[in-house]
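The tour takes one chain by itself, then moves to a contact between two chains.

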Amino acid sequence: MSAVAAKPAAGGAMNPTAMAVGIVMLLILVGIGYMVSPMVLTYAPAISPTFALMALLGVIIGGVLIGFGTHFVPVGGAPAAMGQAPGIATGVAMLAAGAGLAGLFGGAWAAELGMVIAVVTGGVGGGLMMAITCMMVNFVYVFGMGIPSASGKVANDPITGDSQAEYKSQGTEGHGLPFISFVGGVIGGILGGAGGTLIYLELLSLYEETLPGMMQITPAQAMPIAVSAAGMFAVGLFLVNAVLTAYNITGTIEGPHDPKFKRWPRAIVASAVASALCGLVAILIVVPL
Amino acid sequence: MSVKVEVIEGGVPHNNILAAGLVSTLVCLYLTYLNVLTSTQMFSFFGGLAVVAALVWGSHTIKVLCSYGIGTGVPSAGMIAFGSGVIAMLLATKFGMLAPVVALVLAVVIGLILGYVSNNILNMKIPAMVQALTEMAVVGALSLMGFAALMTGSFTFAGLTNGSTSVMGMILANHEMSFMVGGLAVAFLLGALAIQHPFNATLGPGWKQDRMLMLAAECGFLSMVVAAIMSFALISTGSALISLIIAIIGWAYTYQQYMELSKRDAAAWLNAKPIPDVEGH
């Protein structure tokens, strides 16, 4: 059977048992985080006993933001490259990683200015990256390939109210980036960038406090190690969340108006479990074992 | 249920590749421990060989997973392999000599949970999913550890975070010149690209197992060349030179073999030279 005929396996249905198991796993992982949290004090006596637990919760929130935000991004894949489906012509994982890493670098640069400013900067960085990408993609579609933007999933654009059917070519699912997809892309970039930055900041603050005590070095010496360890964990977590969301979407999505968008509750649970697991491992590094 | 797009016809069964890849990766990683026993850094190149073995195994795992239409593209598999692998690997480095085994166990746990999450919570329902994600987390963790051993001669947390710069014969401790700060991100992407490329490049009706695995070995050695060049900054020049020479020899051999296999599988080929020979003028 050809790859075209092989429809994606995942339907829109929820699996209530698995969701419940997922939530129980999440609670167990957070519980382990609560147990190990005071042990971090061995290396950094000055911090609060729940410092590591708060970092874990921050990581989970960041991961959920990434997983939820990715659903907004218009992903077209190979059909979009041929002008047969709306969206940006690449895969979910690549777009989510691109937007999130752009935001992460923006937010990391502002890490000194406090949590709120850094997270907002990360969100703006991710949103800006997606806005530029969406605009250039539309330039290429409209002026390079000569196709108008039209959605195949809705009759009228939910924001502008423009009708879509007249502009849609026969035999396609729509093409280009309609306004709603553009807006969705920017929202997705903002959520993804903010989530990535939040993960980075939480882990960075934890490592900054504990690494000097653990490695018996000065805070200035520990700084580059803390930055790179937090950065690598943030990238790893980001990719895990982005790929899990890609599995949830299975292929292409047009944006927030796409019927596949309704699958987001599954991605929230999945991202929360995966982030709790990976975040716990990241915290165990600075726990005496 | 999903439809399996391609089946493996002939060739080595996946379980044999799994066993061979796992054993040779672990053995190669532990051979770098000769560095400690003999107080040299000459055996760092075994880390690179561990990377090659892990990547060959991992590329076949990606083939098994992506034979089902997962609809997300082959590169995403490489990304989740190293994304979950780096997390297991960094924690495992704390356990000193046990690090490779701990990385294996941790990656299995992370991979199993991620596999359950994607197969059941996200409702993928792909039979190979749990095993494939588990294997890929292990491959990611062990190949990053291989890169660490290749670049620093060690796979412990201290070895990864301590660097030393030798200035005019004086050894200075310098944490900024360490694998963790400079090398990890590069190793991450070197591995993630090398693991997803072979199947992405050879998939289709003309897929042949030996050709894909040879391409995987070629990508592994090519990554090892880059990592060996970077290792000049972290280990002694002689040891880095040994790694580099082995990497270049391995790359040249596998590249030549891959070209032959490609010509074997091609319907026809023309040796179009970059600059045509002009005759008779």
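Select chain A and colour by secondary structure: read along the sequence, the pattern is α-α-α-α-α-β-β-α-α-α. That makes eight helices and two strands in chain A. Bear in mind throughout that this is a predicted model.

The trace spans about 65 × 40 × 35 Å. How does the radius of gyration of chain A agree with that of a compact globule? For 289 residues, a compact globule would have a value near 19 Å, and chain A has 21 Å, which agrees.

Stay with chain A and colour by burial. Of its 289 residues, 57% count as buried. Then display the contacts within chain A, keeping those between residues at least 6 apart in sequence; 73% of these join residues at least 24 apart.

Now show chain B as well and select the contact between the two chains. Chain A brings 48 residues to this contact and chain B brings 42 residues. On chain B, select helix 4 (75–92), helix 5 (99–121) and helix 8 (179–202): each supplies at least two residues of the side that touches chain A. Which helix of chain B gives the most to that side? Helix 4 of chain B does, with 11 residues.

Methods: Residues are numbered from 1 along each chain as its sequence is written. Chains are lettered from A and ligands numbered from 1 in the order in which they are written. This is a predicted model: local features need pLDDT of at least 70, side-chain atom pairs count only at pLDDT 80 or more; totals for chains, interfaces and linings use all residues. Two residues are in contact if their C-beta atoms, placed from the backbone, lie within 7 Å. Helices (H or I, at least four residues) and strands (E, at least two) are DSSP runs, numbered from the N terminus. The radius of gyration is taken over C-alpha atoms; the globule rule is 2.2 Å times the number of residues to the power 0.38. A residue is buried if 20 or more other C-beta atoms lie within 10 Å of its own, exposed if 12 or fewer, and partly exposed in between; C-beta atoms are placed from the backbone.
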